[in-house]
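Subject: Structure for you to look at

Hello,

Here is the structure I said I would pass on. My notes on it follow below.

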Amino acid sequence: MSVPNEAGAFLRIEAVTKDFGDFRAVNEVSLDVARGEIFALLGSSGCGKSTLLRMLAGFELPSSGRVVLDGNDLAGLPPYKRPVNMMFQSYALFPHLTVWDNIAFGLRRDKLPKAEIAARVDEMLRLVQLTTFAKRKPHQLSGGQQQRVALARSLAKRPKLLLLDEPLGALDKKLREATQIELVNIIRQVGVTCVMVTHDQEEAMTMASRIAVMSEGRFLQVGAPADVYETPATRFVADFIGNVNLMEGSVVADEADHVDIQCADVLHRVGHGITGYEGQTVTVAVRPEKIHLSPSEPEGTHNKVRGTVEASSYFGLYTVYHLRLASGGVLKVNVENETRHRDGLPEQGDAVWAHWLPTSQVVLTQ
Ligand code: ATP
C-alpha cells in the first residue's frame, strides 16, 4: 500500500508497540529517519531496541502502529520481500564459501542474471576494499575484514534500509574503533539509510548522525550525539550517556537573569531560567571534564566546592579525581594530562577547590 510521505521522512515509525503476552517490550515508539541518515538505537539490555529493529526487518510484527518506508507501509510484507537487509553481530558468513561467493549468495538466490551478479559483487568488493581477497574463505580473514564482507553482502542487494544489530560486538576495542569509521564511510558512500542497535554509547556517538536513548520500551530522548550529551533531557539520560555528577537541590532564587540552586555542598548559579520551579527540588548535572581544580579558593560565591582527593585513576588522556565533599558525597573531576610530568598535580589527601562555569551545568527537572 502506498502512503503519502511527508518531506524528510524516508523511514517513518508510527506509534509502534510490541507486546509479548502481557509484557510490553516496545511502547508507542514514533520516529522519522531521513534518507541517507545513520540512526542509532541505544539502550541497556532488555530496553527493547532489538525488538524494534526486528520489527523493521519483519522478523516480528507490531502489536499496533505501523512502519512506512519510502512511502510504502511494510505491514504484511515478510522479511524476504522487504527492501531491508539486516547485518548481525556474528557476521553469519558461510565458512565453506569464498568471499566472492558469500557476497553473491543473496543475488544468486534472487536469480539475478550472472553478469549482473558479477558486476555487483565486484563493485561491492571495491567498495569494501577487498578485491584482492575475493578467493579467500572467511577463516583466512581478520575480524575487521570479515565484518566488511558481511557489510558487502548486506549491501549487494541494494536495500533501501540497512539494519545493523550490534555490528561490531565481536571485535576488540582498537579494531572496533577503526572499523566504526570504515563502516560509516562505506555506508555514506552508498547513501543507504541505516538504523543500528548498540548498547555501546561510544559506538552510537561515533557512527550515528542521531541517536535515540531507549529505556523500558520507550524513547527517552532523540537527538544528535552532542545534543544528547550536552543537553540531556532527564537524569536517566544524563547518567546513561557518559559520566556525570548529579546533585540534588532546591531552587532558592528565580530571577530574570539567573536561577540559584542550593545543593548539599554547592550553591549553583545558572544563567538560564527554569522558571516556575522556585522552592522545588531539581537536579544539577555537571560533567567531570567541565570541572577545574585549583589549590586555592576561586573568586565568587557560586559553582565551586572544596573537597579532599580520595582517589585518582590515570587513563592516559586524562586523570579522574574523586573528591570527597563535606556532605559525604563524591565529585568526579577529569583533568587532562597535558604534560608528561605530574608535578603540581593534586595527590591523595590534598584539599582542593573544584569550580566550573555557570554554562557548564544542566538543570534537570525530571
Ligand atoms: P539486548 O541488548 O540484551 O539484546 P534489547 O534492548 O535488544 O536487549 P530486546 O531483545 O528487544 O532487548 O527485548 C526487550 C524485552 O522483551 C526483554 O525483556 C525480552 O526479554 C523481551 N522479549 C524479547 N523477545 C521476546 C519474546 N519472543 N517473547 C517474550 N519476551 C521477549
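How do the residues of the shell around the ligand divide into nonpolar, polar and charged? Four are nonpolar, six are polar and one is charged. Please keep in mind while reading that this is a predicted model.

The ligand site

The shell is made up of Phe 20, Phe 23 and Ala 25, together with the run Ser 44, Ser 45, Gly 46, Cys 47, Gly 48, Lys 49, Ser 50 and Thr 51. Helix α1 gives the most, with three residues.

- Thr 51: an N or O atom in the side chain is 2.5 Å from an oxygen atom of the ligand.
- Lys 49: a polar side-chain atom is 2.6 Å from a ligand oxygen.
- Cys 47: here a polar backbone atom is involved, at 3.0 Å from an oxygen atom of the ligand.

On its own, the ligand has 630 Å² of accessible area, and the protein covers 57% of that.

The helices around α4

The other part to look at is the packing of helix α4 (residues 143–156). Two packed helices are described by the angle between their axes and the distance between the axes.

With helix α2 (residues 99–109), the angle is about 25° and the axes are 8 Å apart. Angles under 35 degrees count as roughly parallel, and that makes α2 roughly parallel to α4. The crossing of α2 past α4 is right-handed.

With helix α3 (residues 114–127), the axes are 9 Å apart and the angle is about 140°. To be called roughly antiparallel, an angle has to be over 145 degrees, so α3 and α4 are oblique to each other. Here too the crossing, of α3 past α4, is right-handed.

With helix α5 (residues 173–190), α4 packs at an angle of about 20°, and the distance between the axes is 11 Å. This pair is therefore roughly parallel. As α4 passes α5, the crossing is right-handed.

Then turn to α4 and its packing against α3, at about 140°.

Regards

Definitions and conventions
Residues numbered from 1 in each chain as written. Predicted model: local features only at pLDDT ≥ 70, side-chain atom pairs only at ≥ 80, totals over all residues. Heavy atoms only, no water. Near = heavy atom within 4 Å. Polar contact = N/O pair within 3.5 Å; in protein donor to acceptor, adjacent residues only side chain to side chain. Areas by Shrake-Rupley, 256 points an atom, 1.4 Å probe, with all protein chains shown as cover. Helix = DSSP H or I, 4+ residues; strand = E, 2+ residues; numbered from the N terminus. Nonpolar A, V, L, I, M, F, W, Y, C, P; charged D, E, K, R; others polar. Axes fitted to C-alpha atoms, helices over the stretch in contact; angles between N-to-C directions. Parallel < 35°, antiparallel > 145°, perpendicular 65-115°, else oblique. Left-handed = near helix turned anticlockwise from the far one by under 90°.
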